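Hi everyone, thanks for having me. I'd like to walk you through a structure and talk about its rings and its core. Have a look at it first.

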Amino acid sequence: MEIVITLLIVLAVLIVPGVLLYNRLVRKRNAFKNAFAQIDVQLKRRHDLIPNLVETVQGYMTHERETLTAVIEARNNAEQVRQQTSGAAGDPASMEQLGKAEGSLGGVLGRLFALSEAYPDLKANENFRSLQEELTSTENRVAYARQAYNDAAMRYNNAVETVPSNIIAGMFNFARAGMLEFEDREAMQEPPKVQFS
């Protein structure tokens with residue numbers, strides 16, 4: 001009887017901490033996946049605003065077709081990548097792909113807004129100002145959601161890599177989560193070319 005009790009105690013000492021560590025890893029994984037879902041919502045909102053912005057700008061920027069085309073192409077690419085990665089929260093390759101697409105979109109939007117400075121009638125347009133304000137607000141939400149995701153992913157990664165939870169993580173295939181970094185929009189922006197011909 002003593003052997004059975006001793007065996008049960010040993011099993012409890014080994015199994016209970018393992019179960020607790022496993023549950024902790026699951027909670028952290030769910031937290032970063034939820035944080036990524038919040039990014040997805042904000043990116044969708046951003047992508048939905050851009051066609052309205054381009055439509056508003058089109059009538060004023062008749063000589064800037066190249067920039068408008070670049071904005072639409074970058075938006076469509078970013079939306080396609082967003083849809084592809086929406087179920088891949090944490091996958092490092094997907095996070096890198098999404099970061100590049102969103103960084104490129106931010107770069108061409110920056111050029112569009114820089115070009116708008118050369119068009120006083122456009123800057124005075126109420127619809128343009130409203131859309132620009134809405135996009136700026138959305139950019140702030142995206143940045144906040146991205147930071148929340150990266151924080152949750154870092155906490156998860158720390159749990160996956162530190163002892164003793166790394167043992168459980170290895171046994172149950174808890175993989176590292178990729179961080180989401182947008183390319184440096186400043187470096188991607190070229191000086192705007194304004195042509196009146």
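**Rings and the core**

Let's start with a charge and a ring: arginine 146 lies over the face of phenylalanine 182, and the distance to the ring centre is 4.8 Å. Keep in mind that this is a predicted model.

Now for rings with rings. A pair of aromatic rings is described by how far apart the centres are and by the angle of the planes. How many aromatic pairs are there here? The count comes to six. Take phenylalanine 32 and tyrosine 156: their ring centres are 4.9 Å apart and their planes sit at 50°, so we call this pair tilted. What I like is that the pair links distant parts of the chain. Phenylalanine 32 is in helix α1, residues 2-58, while tyrosine 156 is in helix α5, residues 126-161, and the two are 124 residues apart.

Are these two buried or exposed? Phenylalanine 32 has 3% relative accessibility, so it counts as buried. Tyrosine 156 is at 1%, so that one is buried too.

Here's another tilted pair: phenylalanine 113 and phenylalanine 128, 6.1 Å from centre to centre, with 55° between the planes. Phenylalanine 113 belongs to helix α3, residues 92-116, and phenylalanine 128 to helix α5, so this pair ties together parts that are 15 residues apart in sequence. Phenylalanine 113 is buried, at 17% relative accessible area, and phenylalanine 128 is buried at 1% relative accessibility.

Phe32, Phe36, Tyr149 and Tyr156 make up one aromatic cluster.

That brings us to the core. The largest nonpolar core has 49 residues. Which residues have the most contacts inside it? They are Phe32, Leu53, Val57, Leu112 and Tyr149. Helices α1, α2 (65-85), α3, α5 and α6 (165-171) each put in at least two residues, and the largest share, 13 residues, comes from α1.

Let's zoom in on leucine 53. If you set aside neighbours within four places in sequence, leucine 53 is in contact with Leu109, Leu112, Phe113, Phe128, Leu131 and Leu135.

One last stop. UniProt, in an unreviewed entry, places a "transmembrane region" at residues 6-23. In the model, that stretch is 100% helix and 0% strand, and its end C-alpha atoms are 26 Å apart.

That's it from me, so over to you for questions.

Notes. Residues are numbered from 1 along each chain as its sequence is written. This is a predicted model: local features need pLDDT of at least 70, side-chain atom pairs count only at pLDDT 80 or more; totals for chains, interfaces and linings use all residues. Side-chain values use heavy atoms; hydrogens and water are left out. Rings of Phe, Tyr and Trp (its six-membered ring) pair if their centres lie within 6.5 Å; planes under 30 degrees apart count as stacked, over 60 as edge-to-face and the rest as tilted. Helices (H or I, at least four residues) and strands (E, at least two) are DSSP runs, numbered from the N terminus. Buried means under 20% relative accessible area, exposed over 50%, partly exposed in between (1.4 Å probe, protein chains only). A charge sits over a ring if NZ of Lys or CZ of Arg is within 6 Å of the ring centre and within 35 degrees of the ring normal. A nonpolar core is a set of buried Ala, Val, Leu, Ile, Met, Phe, Trp, Tyr and Cys residues joined through side-chain atoms within 4.5 Å. Contact means heavy atoms within 4.5 Å. UniProt positions are given in the numbering used here, feature names are shortened, and annotations may be inferred rather than shown by experiment.
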